[in-house]
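Dear colleague,

I am handing over the structure that you will find just below, and after it I set out what was found in it. Please keep the model open while you read.

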Amino acid sequence: MRKKLVAGNWKMHGSLQSNAALLEQIRAGVVGLACEVAVFPPYPYLAQTRALLSDSEVAWGGQSLSEYPVGAYTAEVSAAMLLDFGCRYVLVGHSERRALFGETDAVVAAKFAAAQQASLIPVLCVGETLAEREAGLTTSVVSRQLSVIIEAQGVAALASAVVAYEPVWAIGTGVTATPQQAQEVHAAIRRQVAVLDASVAKGLRILYGGSVKPQSAAELFGQVDVDGGLVGGAALVADDFLAICRAAN
Ligand code: PGA
């Protein structure tokens, strides 16, 4: 059985004060839940996150990382630094990184490799734009984004990774994919991996992301190939995030 994971991507939100309240509520609210919960605060707040969550059931991670291990790379943050602050996970290839900051498939693959080299668990984000969906390209886009990683790292690398299917048209728009739309793509992802390695495919956690809300979470997470969620906006409101965590329970 795959353990469900609910991950909160805070993006560029938060302050020492607001984070403290949010982390305390999450920490208390997840006690006894069977699913795994993780938060992804901005880099400067990882120390605060570690301090407030270190003896809790909640994991945390970085929202990105450098593909380079160390050196003259101004403003970059390495995998080892994330590890130093207790990160278990790191997001890789979020669509905002791809679209706004020019991260190509090759860069995403290099970041994925850098994460695994440092024993961080990459959460690989994949997903199509609205234009791509309307052109019938959803499966081919998602499959290409996944293939790049498999070709570079081998399918076995997915045994210690998480995939997040995040249709770009659903991110931050309030438009959630229907449970059927999500299931269809999740199943395609799992089939693509199963062709190469059935046991890796079976164990691979595939999260859905894109306007997950307390009202939509239970039905999404009820799909056979949906193993939890990557939550943006709703992860900033403790009650909403905890309701989503309970929906995965
Ligand atoms: P959203 O963001 O829940 O606000 O749509 C999801 C994400 O970008 O991970």
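Around the ligand there are 13 residues, and of these Lys11, His94, Glu166, Gly172 and Ser211 come nearest; a residue is near a molecule or strand if one of its heavy atoms lies within 4 Å of it. Before going on, please note that this is a predicted model, in which local features need pLDDT of at least 70 and side-chain atom pairs count only at pLDDT 80 or more, while totals for chains, interfaces and linings use all residues. Residues are numbered from 1 along each chain as its sequence is written, and side-chain values use heavy atoms, with hydrogens and water left out.

The ligand

The shell around the ligand divides into 4 nonpolar, 7 polar and 2 charged residues, where Ala, Val, Leu, Ile, Met, Phe, Trp, Tyr, Cys and Pro count as nonpolar, Asp, Glu, Lys and Arg as charged, and the others, Gly among them, as polar. Which backbone atoms lie 2.8 Å from an oxygen atom of the ligand? One is a polar backbone atom of glycine 232, and another is a backbone N or O atom of glycine 233. A polar backbone atom of serine 211 is 2.7 Å from an oxygen atom of the ligand. These are polar contacts, that is, pairs of N or O atoms within 3.5 Å; within protein, one must be able to donate a hydrogen and the other to accept it, and residues adjacent in sequence count only if both atoms are side-chain atoms. Taken alone the ligand exposes 280 Å², and the protein buries 97% of that; such accessible areas come from the Shrake-Rupley method with a 1.4 Å probe, and for residues only the protein chains shown count as cover.

The chain as a whole

The protein chain has 11 helices and 8 strands, which are DSSP runs numbered from the N terminus (helices are H or I, at least four residues; strands are E, at least two). Its radius of gyration is 17 Å, close to the 18 Å that the globule rule gives for 249 residues, so the chain is as compact as a globular protein of that length; the radius is taken over C-alpha atoms, and the rule is 2.2 Å times the number of residues to the power 0.38. Along its principal axes, the C-alpha trace spans about 45 × 45 × 35 Å.

Of the 249 residues, 53% count as buried, meaning under 20% relative accessible area, whereas exposed means over 50% and partly exposed lies in between (1.4 Å probe, protein chains only). The accessible surface of the chain comes to about 10,800 Å², and 57% of it belongs to carbon and sulfur atoms. Among contacts (heavy atoms within 4.5 Å) between residues at least 6 apart in sequence, 73% join residues at least 24 apart.

Some single residues

Is serine 66 buried or exposed? Serine 66, in the loop between β3 (58-62) and α3 (79-84), counts as buried, because its relative accessibility is 2%. Its side chain reaches the backbone nitrogen of tyrosine 68 at 2.9 Å, and, not counting residues up to four places away in sequence, serine 66 touches Glu76, Val77, Ser78, Lys111 and Ala114.

Alanine 115 belongs to helix α5 (residues 105-117) and, at 0% relative accessibility, is also counted as buried. Leaving aside neighbours within four places in sequence, alanine 115 is in contact with Leu65, Ala79, Val90, Leu120 and Pro122.

Serine 56 sits in the loop between α2 (46-53) and β3 and is partly exposed, with a relative accessible area of 21%. A polar atom of the side chain of serine 56 lies 2.7 Å from the backbone oxygen of leucine 53 and a polar side-chain atom lies 3.0 Å from the backbone nitrogen of valine 58.
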